[in-house]
Protein chains: 2
Amino acid sequence: MNLILLAPDDLVTPGLARVRNPRRLRHLNEVHRARPGDRLTVGVEGGGIGHGELLSLDAHEARFALDALDQASPPPLPVHLVLALPRPRMLARTLEHVTALGVKELTLLNTRRVEKSYWQSPELTADKIHAHLVLGLEQARDTAMPKVTLAKGFRPFVEDELPGLLDDRRGLFAHPGMPTECPRGIHEPTLLLVGPEGGFIPWEVERLQAAGCQGIHLGPRILRVETAVTALLARLF
Amino acid sequence: MNLILLAPDDLVTPGLARVRNPRRLRHLNEVHRARPGDRLTVGVEGGGIGHGELLSLDAHEARFALDALDQASPPPLPVHLVLALPRPRMLARTLEHVTALGVKELTLLNTRRVEKSYWQSPELTADKIHAHLVLGLEQARDTAMPKVTLAKGFRPFVEDELPGLLDDRRGLFAHPGMPTECPRGIHEPTLLLVGPEGGFIPWEVERLQAAGCQGIHLGPRILRVETAVTALLARLF
């Protein structure tokens with residue numbers, strides 16, 4: 001954790017923060033082994049980054065005296081990522097990877113080869129997702145919370161939402177065997193779709209192409225979703 | 001697992017394989033739910049890839065009738081990766097990521113900010129490392145086993161081994177704050193060094209530069225080692 005990410009209501013005054021979230025208190029105690037007087041990098045969700053001095057820490061509360069939080073978060077990636085829902089453990093790690101890399105818009109999508117049971121996973125509760133996003137932000141010293149939406153139907157997503165998303169974004173989907181290699185170092189706003197383990201089915205590939213998305217590949221190696229997503233984002237942007 | 005990777009001594013004849021490794025038998029049973037008659041993609045360590053028909057499977061042995069194993073592995077990355085030893089759980093996942101991505105030469109290096117206890121981890125035994133390499137190969141349908149070496153001293157590595165490794169490789173090390181952005185799409189043989197959580201110390205940076213390595217950065221975000229390594233490899237090659 002390279003940043004203590006404060007929620008807006010952790011701020012008592014602009015110069016004083018009070019943290020009561022049990023996870024963060026545990027983290028301050030066990031990982032940082034923080035002591036009063038320690039100066040830590042802090043940021044406010046959706047706001048600036050600076051330093052804070054730990055005033056007190058006990059089992060119920062930590063208090064920080066804050067300097068001006070006047071540094072900006074690193075720039076986001078110009079991407080809306082649409083990810084076929086991975087299995088729960090992979091989802092947890094992938095949320096942290098892509099948040100640390102700077103993804104701010106993420107849609108978790110159902111496709112034919114997503115196992116139905118994944119949609120019942122406790123990892124999909126808002127609290128669990130939020131916790132992984134916070135870990136990714138704290139890793140990368142970023143305060144801008146990604147927005148995660150669930151799209152439980154492939155067809156409604158492609159028919160009702162995708163056209164609007166493609167109004168001002170280039171549409172790409174990663175799929176083994178596509179003729180075009182993943183482009184490098186593009187800067188334009190992009191919508192990137194990544195299929196599940198086992199890939200999109202041919203009908204899904206056709207629907208994405210019909211909607212105006214271009215299929216790209218990462219080479220002949222079959223990669224796990226979490227490896228592939230990181231590799232795609234690093235190569236594209 | 002997209003490939004059953006056979007050890008050379010699993011081959012009874014060129015057309016018949018017998019698998020007795022408990023992990024693989026368990027995997028065939030529990031993950032593949034394989035039944036006699038199933039045709040699976042198989043490869044021999046260091047050799048070719050093709051299909052095999054499962055003849056029998058019980059708790060002690062699986063037998064495969066093999067077609068010609070005449071497909072080649074995907075090409076390797078032209079990189080010797082030198083990784084400051086990460087903490088054990090991160091090491092395990094990173095070994096799988098980089099093997100799947102095609103790294104064939106990997107040195108695990110001690111640096112000042114590597115915790116001493118990591119060198120005592122059971123994850124560093126040859127068997128454990130081998131198991132993770134196999135998982136990475138099976139993921140990417142590759143049969144060429146990476147070579148992993150341990151370099152427990154930074155100074156001996158830099159003074160005695162690095163000069164020879166740089167004879168025919170471009171030397172790069174990833175370090176936050178370096179002036180040069182990570183290059184994209186290079187194809188030349190490369191030695192890539194990646195520091196630990198917390199980075200190289202200034203003296204280490206100086207030693208690497210003095211040895212002829214160039215410092216590169218991935219941008220302002222601080223990434224976990226496993227994310228950074230995947231991103232670096234995807235951007236470089």
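**Note on the predicted two-chain model**

1. In strand 12 of chain B, the side chains of B:Thr190, B:Leu192 and B:Val194 point one way while B:Leu191 and B:Leu193 point the other way, and all of them are buried, where buried means under 20% relative accessible area, exposed over 50% and partly exposed in between, with a 1.4 Å probe and protein chains only. The strand is accordingly described as mostly covered, with 5 of its 5 residues buried. Strands here are DSSP runs of E of at least two residues and helices runs of H or I of at least four residues, both numbered from the N terminus.

2. This is a predicted model, in which local features need pLDDT of at least 70 and side-chain atom pairs count only at pLDDT 80 or more, whereas totals for chains, interfaces and linings use all residues. Residues are numbered from 1 along each chain as its sequence is written, chains are lettered from A and ligands numbered from 1 in the order in which they are written, and side-chain values use heavy atoms, with hydrogens and water left out.

3. Strand 12 of chain B pairs in the parallel sense with strand 7 of chain B over 5 bridges, two strands being taken to pair if DSSP finds at least two bridges between them. Within this pairing, B:Val82 has B:Leu193 as its bridge partner in strand 12 of chain B.

4. Helix 4 of chain B (residues 154-165) has B:Phe154, B:Phe157, B:Val158, B:Leu162 and B:Leu165 buried. These residues cover an arc of only 90° around the axis, which puts them on the same side of helix 4 of chain B; the arc is that of the directions from the helix axis to the C-beta atoms. The buried residues of the helix pack against strand 7 (79-84), strand 8 (105-109), strand 9 (147-151), strand 12 (190-194) and helix 5 (202-210) of chain B, contact meaning heavy atoms within 4.5 Å.

5. A:Phe173 and A:Phe200 form an edge-to-face aromatic pair, 6.1 Å centre to centre with 85° between the planes; rings of Phe, Tyr and Trp (its six-membered ring) pair if their centres lie within 6.5 Å, and planes under 30 degrees apart count as stacked, over 60 as edge-to-face and the rest as tilted. The pair links distant parts of the chain, 27 residues apart, with A:Phe173 in strand 10 (residues 170-174) of chain A and A:Phe200 in the loop between strand 12 (190-194) and helix 5 (202-210) of chain A. Both A:Phe173 and A:Phe200 are buried.

6. Chain A can be laid on chain B with an RMSD of 0.0 Å by a turn of 180° and a shift of 0.0 Å along the axis, the copies being superposed by least squares on the C-alpha atoms of residues with pLDDT of at least 70 in both. The two copies are thus related as by a two-fold rotation axis. In chain A, the C-alpha nearest the axis belongs to A:Arg235, 2.4 Å from it. The same surface serves both copies, since 100% of the contact residues of chain A recur in chain B.
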